Amino acid sequence: MFVGVHERQLDEKGRLALPSAFRDRFGDTAYLAYGEQRCIDVFPADAFEAMAEELMRQVRDKEISINRQRAFAHSARQVSLDKQGRVTVDERLRSYAQLTPGSKVIVSGNLDRVELWSPEVYEEIATLGRIELAGGRE
């Protein structure tokens, strides 16, 4: 499980060091994809492959449109973790999540995945989450 929040910085080459608490779960490979609400989802290979299998089953069983599967597959990128635990976030994903080289990045655990956020968007989402946890009042 991925839990906790960390602040990191995207380097000038678009690389981001994942927190050491998260690295062991990834091994050498991760998948990056568009996440909900303008974050980037980072999945361990086994979790991504399980999600892909489930999407393909849902398409076969006509539970979802193949367009949903396409959108997920088209947004995803397989990346390698280097010896420092860094992943390269390509320009298309950075643009989606409003991240630029040299910018701060919020790296948060969301149980089965890690999410990469711009600090501004993250603060909006975190505020909404706190309101929900407090039963509609902050």
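What follows starts with the chain as a whole, goes on to the ring pairs, and ends with the charged pairs and a surface patch.

Guide: The model is predicted. Its chain has five helices and eight strands, and from the N terminus on these elements run β-β-α-β-β-α-α-β-β-α-β-β-α. The C-alpha trace spans about 45 × 40 × 25 Å along its principal axes. For 138 residues a compact globule would have a radius of gyration near 14 Å, and the 16 Å of this chain agrees with that. Buried residues make up 38% of the 138 residues. Among contacts with a separation of 6 or more, 61% are between residues 24 or more positions apart.

Now the rings. The count comes to eight aromatic pairs. One of them joins Tyr 31 and Phe 48: the ring centres are 4.0 Å apart and the planes stand at 5°, so this pair is stacked, planes under 30 degrees apart being the condition for that word. Tyr 31 belongs to strand E3 (residues 29-34) and Phe 48 to helix H2 (residues 45-60), so the pair ties together parts that are 17 residues apart in sequence. Both Tyr 31 and Phe 48 are buried.

Phe 48 also pairs with Phe 72. Here the centres are 5.2 Å apart and the planes are at 20°, so this pair is stacked. Phe 72 lies in helix H3 (residues 66-75) while Phe 48 lies in helix H2, so parts 24 residues apart in sequence are tied together. Phe 48 and Phe 72 are both buried. Ring pairs link Tyr 31, Phe 43, Phe 48 and Phe 72 into a cluster.

The charged side chains make links of another kind. Side chains of opposite charge can pair when their charged atoms come close. In the whole structure, nine salt bridges are found. Asp 41 and Arg 113 form one of them, at 3.1 Å from N to O.

Glu 7 counts as partly exposed because its relative accessibility is 49%, and Lys 104 counts as partly exposed at 47%.

Asp 82 and Arg 86 meet in a salt bridge at 2.6 Å, N to O. Asp 82 is partly exposed, with a relative accessible area of 27%, and Arg 86 is partly exposed at 22%. Salt bridges also link Glu 54, Arg 57, Asp 61 and Glu 63 in a network.

Last, the surface. The accessible surface of the chain comes to about 8,100 Å², of which 50% belongs to carbon and sulfur atoms. Met 1, Val 3 and Leu 111 make a nonpolar surface patch of about 360 Å². Leu 111 is in the loop between strand E7 (104-109) and strand E8 (114-117), and at 47% relative accessibility Leu 111 counts as partly exposed.

Key
Residues are numbered from 1 along each chain as its sequence is written. This is a predicted model: local features need pLDDT of at least 70, side-chain atom pairs count only at pLDDT 80 or more; totals for chains, interfaces and linings use all residues. Side-chain values use heavy atoms; hydrogens and water are left out. Patches are made of residues with over 30% relative accessible area and no salt bridge: like charges are joined within 9 Å, nonpolar side chains (Val, Leu, Ile, Met, Phe, Trp, Tyr) within 5 Å. Accessible areas come from the Shrake-Rupley method with a 1.4 Å probe; for residues, only the protein chains shown count as cover. A salt bridge is a side-chain nitrogen of Lys or Arg within 4 Å of a carboxyl oxygen of Asp or Glu. Helices (H or I, at least four residues) and strands (E, at least two) are DSSP runs, numbered from the N terminus. Buried means under 20% relative accessible area, exposed over 50%, partly exposed in between (1.4 Å probe, protein chains only). Rings of Phe, Tyr and Trp (its six-membered ring) pair if their centres lie within 6.5 Å; planes under 30 degrees apart count as stacked, over 60 as edge-to-face and the rest as tilted. The radius of gyration is taken over C-alpha atoms; the globule rule is 2.2 Å times the number of residues to the power 0.38. Contact means heavy atoms within 4.5 Å.
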